[in-house]
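Please keep the sequence and the structure in view while reading.

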Amino acid sequence: MGLWRYAARRLVQIAGLFYVILTVLFIVFRLAPGDPVERMVDPSMDPEDAEVLMAQLGLDRPVGVQYLYYLKNFVSGDMGISFHYGEPVAEIIADRLPNTVLLFTSSTILAAVVGVLLGKRASWSKGRSTDTVLTFSALATHTVFLPWLALLLIWLFAYRLGWFPITGMVSEDVWLDPGATWWTRAVDVAHHMVLPLASLFLIQFGTFLLVMRSSMLETLKEDYILTARAKGLPERVIRNHHAAPNAALPVLTTIGLSLAFSINGGAITETVFTWPGIGRELVLAVSQNDYPLAQASFLLIAAVVLLANLVVDLLYAVLDPRIRY
Amino acid sequence: MPLVVVDGLTVGYWTAGGMAPAVEDVSFTLEKGESLGLVGESGCGKTTLGKALLRLLPPNGRVLAGEIRFDGEDLLAKTEAEMREVRWGKIAMIFQAAMNALNPVHRVGDQIAEAVRAHGPGLGRDAVRERVLELFRLVGIPEQRLRDYPHQYSGGMKQRAIIAMALACRPKLVIADEPTTALDVIVQAQILDEIQRLQRKLGVSLVFISHDIAVVADVCHWIGVMYAGHLVEHGPRDEVLGDPGHPYTRALLASYPTLAGLRRALEPIPGELPNLLDMPPGCRFSGRCSRSRPECRDRKPGWSVLSPSHRVLCPWAKEDR
């Protein structure tokens, strides 16, 4: 099938790109300032012990050899031991990844759905007050500074009103209680997720709204819309059945791009809300010169962005019959 | 009773420079089963006229004066909901650049079925499908192309599909706006034959809009020539082509090549269409007319009646013949 062959070809391209990213990351980390050993070891440790430690970590080898080890370890799935946690990086990642995926998939899907629906409404009432209000809110929330918004939400809803927890993803008492059902635990996580989800949603939905709106306005100029009108179809059918499916295509691209954004926005969101995800781990790892963990997090993000774009391209083929690979 | 009566129709567009009268004081009638070809350069108001008949003008367009009666009913007095019944149910329109008139994300068969369903409530799935198949046979598209998307069709097939769609609800009138302009000449000839055949077979009336007087001459019983928003000549095809009364019609005929007939140099019409916002008070063609008299510019031209059914918006039409 054409689609599968296309997917396979793209996967090969992605693998190539991924190798480039892998190498760039290796170089960047070796150029970065700061000596990891100084962080790991007590300054009073004597130099000989420090050298033993360097040898254990492989940091005394020539850079070329380090690079080959790096590649070999990556291929065999060994991401190294985190300097900071002293645990295998793969385990840390496996532990944090689901939390990040949960937060970002929900916020992106929610923002895309709401943004598309409101964008449709805005374009349909172009120039009237509904449109003005929607476009203005989209621009306002889109341009807000994320950390400020996050802190504002925490201050208002968690600190002043006390509706939501201030930090974290779970309440210890619920999760340590052996009698708690999965349902109470799920509710607990959802309760913690409201504020981070809300801030990501608010930052993201405006983009979708604006893209959908302008795309709808373009689509409405098409001849097939005029024909649909001439066919005597009700406005609702013209909007939802004829205009929206065509207008939604550029929104898909935005979802792919916004995923890349949401991940670096994610580092901020996760840090502000102390959400135990990859983004927060990445910030910690970088600030502590935890090479293995930071490298692995970066690689993971790269992989997610590359794959998300592949998924978007494949979705295009599903939604637009003109696109066949 | 004529099927279509257009009387003193004036349509304007609100623009930054004021109200632009795109169509002014246009009157004609069309009997059931007959066809009228509207010709003129781009910008002369033919498309505006077509859209006004279906009340599909863009938001800045307004009917300023006049009357449109269809089958005895006043179309301008209808509500939007009543108009939806008329659209496609009684009057179907094939738009300019019809290649883009099919929605790219829906199957061709479904788009035609949609029109059938919109105006035939209560039709079952099988009845709708049967009607769509019937329409496909009517315009000569193989059945198995029913489930194809528009981009899988050739230009000529798309045009056939659109004709099928236009006929879906057995309309009394079809307005075809430059339906063959984007097609190559051979396909164009086929589509024109098809339109003519179906028009006769089904007895629908046709308003055929084109910039190409040769195309109109092929298809239509009646010809209306438009210039800068005015209908300047209206009459039976043979009279208009054989004995054109308006200097513009003559110039238009002289500027087109013919295959039959004598080989001669083509004569382009000098000058351009006047600006709609700044029209001469008298005859709108006076600035480009080779037979223009001093008073043409300032005095509204009167009609000359060349035969009971052939009239020309030029007071000198008889003298200059």
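The model is predicted. In chain A, helix α1 (residues 2-31) and helix α14 (residues 291-319) pack with their axes 10 Å apart, at an angle of about 155°. That angle makes α1(A) roughly antiparallel to α14(A), since angles over 145 degrees are classed in this way. The crossing of α1(A) and α14(A) is right-handed.

**Chain A as a whole**

Chain A has 14 helices and zero strands. Its C-alpha atoms fill a box of roughly 85 × 55 × 40 Å, taken along the principal axes. Of the 325 residues in chain A, 33% are buried. Among the contacts in chain A with a separation of 6 or more, 71% are between residues 24 or more positions apart.

Chain A is divided into domain 1 (2-75) and domain 2 (93-319). The centres of these two domains of chain A, taken over C-alpha atoms, are separated by 32 Å. Where they touch, 13 residues of domain 1 of chain A are in contact with 13 residues of domain 2 of chain A. On the side of domain 1, the elements that give two or more residues are α1 and α2 (36-40) of chain A. Helix α1(A) gives the most to that side, with ten residues. By class, the side of domain 1 of chain A that touches domain 2 of chain A has ten nonpolar, one polar and two charged residues.

**Helix pairs compared**

| Helix pair | Angle | Distance between axes |
|---|---|---|
| α1(A) and α14(A) | about 155° | 10 Å |
| α7(A) and α9(A) | about 140° | 10 Å |
| α3(B) and α5(B) | about 20° | 9 Å |

Helix α7 of chain A covers residues 146-160, and helix α9 of chain A covers residues 182-219. At their angle, α7(A) and α9(A) are oblique to each other. Their crossing is right-handed. In this contact, A:Leu146, A:Leu149, A:Ala150, A:Leu153, A:Ile154, A:Phe157 and A:Ala158 in α7(A) meet A:Leu195, A:Ala198, A:Ser199, A:Leu202 and A:Ile203 in α9(A). The residues of the contact of α7(A) with α9(A) divide into eleven nonpolar, one polar and no charged.

In chain B, α3(B) packs with helix α5 (residues 155-166). The angle between them is about 20°, and α3(B) and α5(B) are therefore roughly parallel to each other, as angles under 35 degrees are classed in this way. Helix α3(B) passes α5(B) in a right-handed crossing. The residues B:Val108, B:Gln111, B:Ile112 and B:Ala115 in α3(B) meet B:Ala161, B:Ala164 and B:Met165 in α5(B). By class, this contact has six nonpolar, one polar and no charged residues.

**The contact between the chains**

How many residues does each chain give to the contact? Chain B gives 21 residues and chain A gives 16 residues. On the side of chain B, the elements that give two or more residues are α2 (80-86) and α3 (108-119) of chain B. Helix α3(B) gives the most to that side, with three residues. The residues of the side of chain B that touches chain A divide into 13 nonpolar, five polar and three charged.

One residue of α3(B) can be followed in detail. B:Ala118 lies in helix α3 of chain B. Is B:Ala118 buried or exposed? B:Ala118 counts as buried because 21 C-beta neighbours lie inside 10 Å, and 20 or more are required. Not counting residues up to four places away in sequence, B:Ala118 touches A:Lys231, A:Gly232, A:Leu233 and B:Trp88. By contrast, the C-alpha atoms of B:Ala118 and B:Ser286 are separated by 48 Å, with the two residues 168 residues apart along the chain.

**A covered helix in chain B**

Helix α9 of chain B covers residues 247-254, and its buried residues are B:Pro247, B:Tyr248, B:Thr249, B:Arg250 and B:Leu252. What covers the buried residues of α9(B) includes β3 (35-39), α7 (213-219), β9 (222-227), β10 (230-236) and α8 (237-242) of chain B.

Technical notes:
Residues are numbered from 1 along each chain as its sequence is written. Chains are lettered from A and ligands numbered from 1 in the order in which they are written. This is a predicted model: local features need pLDDT of at least 70, side-chain atom pairs count only at pLDDT 80 or more; totals for chains, interfaces and linings use all residues. Axes are lines fitted to C-alpha atoms, for helices over the stretch in contact, and angles run from 0 to 180 degrees between N-to-C directions. Helices (H or I, at least four residues) and strands (E, at least two) are DSSP runs, numbered from the N terminus. Angles under 35 degrees count as roughly parallel, over 145 as roughly antiparallel, 65 to 115 as roughly perpendicular and the rest as oblique. A crossing is left-handed if the near helix is turned anticlockwise from the far one by less than a right angle, and right-handed if clockwise. Domain bounds come from an automatic or database domain assignment. Two residues are in contact if their C-beta atoms, placed from the backbone, lie within 7 Å. Ala, Val, Leu, Ile, Met, Phe, Trp, Tyr, Cys and Pro count as nonpolar, Asp, Glu, Lys and Arg as charged, and the others, Gly among them, as polar. A residue is buried if 20 or more other C-beta atoms lie within 10 Å of its own, exposed if 12 or fewer, and partly exposed in between; C-beta atoms are placed from the backbone.
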